[in-house]
Amino acid sequence: MPKYRILSLDGGGLRGLISARLIQRLNDHPDIAGWINNVDLYAGTSTGGILALALATGRSPEDICRLYKDKGGRIFDDSIWDDLRDLGKTIGADYSNRNLKSELKAIFNEKRLSDIKKKVAIPAFDLDNDASSPAERTWKPKIFHNFKGPDSDGGSLIADVALYTSSAPTYFPSADGYIDGGVYANNPTIIAVAQAISRRNRPAERAELDDLNVLSVGTGVSLTYIKGKTLDWGYSQWIKPLINVLMEGVAGISDYQARQLLAERYHRLQIVFDPRETIPMDSVKKLDRMDEIASAYNMSKTIKWIKEVWL
């Protein structure tokens, strides 16, 4: 039976360093050498989208790890002047996207999705599709991809798509009307599965569901909960936890759906942080700690799965 291999990468801001380091360690393991060369479809949301596009265009995992550590502080640069401008983060995004834009431009230059030999699927959310008919104008999910067909986004600049998928609400401004795909697909596994098996306009590129093998890589998760059986909360109480609730919720349901559809042909690589430790997605000061955690994590189960199922 032919195999169609998907690498799916979660969102998570600077915690993308964790994903990159885990992939680098797998890539360097002698028992599964070359496994990443077999990827047919890269899917990624937010920081996972940047990582997916970088890997798909030939960047090495080690190179990407260096980018997070060397450039993370520049991208998540929260100056006092920015706080004054947005009144202490109450009426503006935490960070300007100016440095993020320039770094993405440096990585991808003027390359377009059509220049990528591998297939990619990158979720973003379109706040205003600017339809010609007012009756059809509404926000909607958008999957940027380079599959053939009339809905292909092959002409889109890779740097633009990377910016769109990583424009997380409250952290960065929207970009050309798009925000982070993590609002509905922080774990893009099911997006990737649907894209791979789609019969729409691309029969030569599609795969059968039984052909799919999916490795889903997270950015680490904290054991978080909210006390209380009844929470009579309003906007001010919910606004802080709600984004995390939504992103972790959609990641969890995607994991559940993938397990139901693919069984042993799906593997989830996700680090659960020590309950005493919290690592925010914009924590520049914890980049070394993220690298330490990912470098020490036991991946024997993942290595075994790649040997037995992926290769």
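Which residues lie on the one side of strand β7 and which on the other, and are they buried or exposed?

**Entry 1, ground rules.** I am working with a predicted model, where local features need pLDDT of at least 70, side-chain atom pairs count only at pLDDT 80 or more, and totals for chains, interfaces and linings use all residues. Residues are numbered from 1 along each chain as its sequence is written, and side-chain values use heavy atoms, with hydrogens and water left out.

**Entry 2, strand β7.** I looked up residues 266–269 and found both faces covered: Tyr266 and Arg268 sit on one side, His267 and Leu269 on the other, and all are buried (under 20% relative accessible area, 1.4 Å probe, protein chains only). In a regular strand the side chains alternate between the two faces of the sheet.

Strand β6 (residues 212–217) pairs with β7 in the parallel sense over four bridges; pairing takes at least two DSSP bridges. I noted Leu215 opposite His267 of β7. From β6 I followed the chain through helix α9 (residues 235–262) to β7, a right-handed β-α-β crossover (clockwise from the first strand over the helix to the second, with the strands pointing away from the viewer).

I see eleven helices and seven strands, taken as DSSP runs (H or I, at least four residues; E, at least two) and numbered from the N terminus. The radius of gyration is 19 Å, close to the 19 Å of the globule rule for 311 residues, so the chain is as compact as a globular protein of that length (C-alpha atoms; 2.2 Å times the number of residues to the power 0.38). Of the 311 residues, 50% count as buried.
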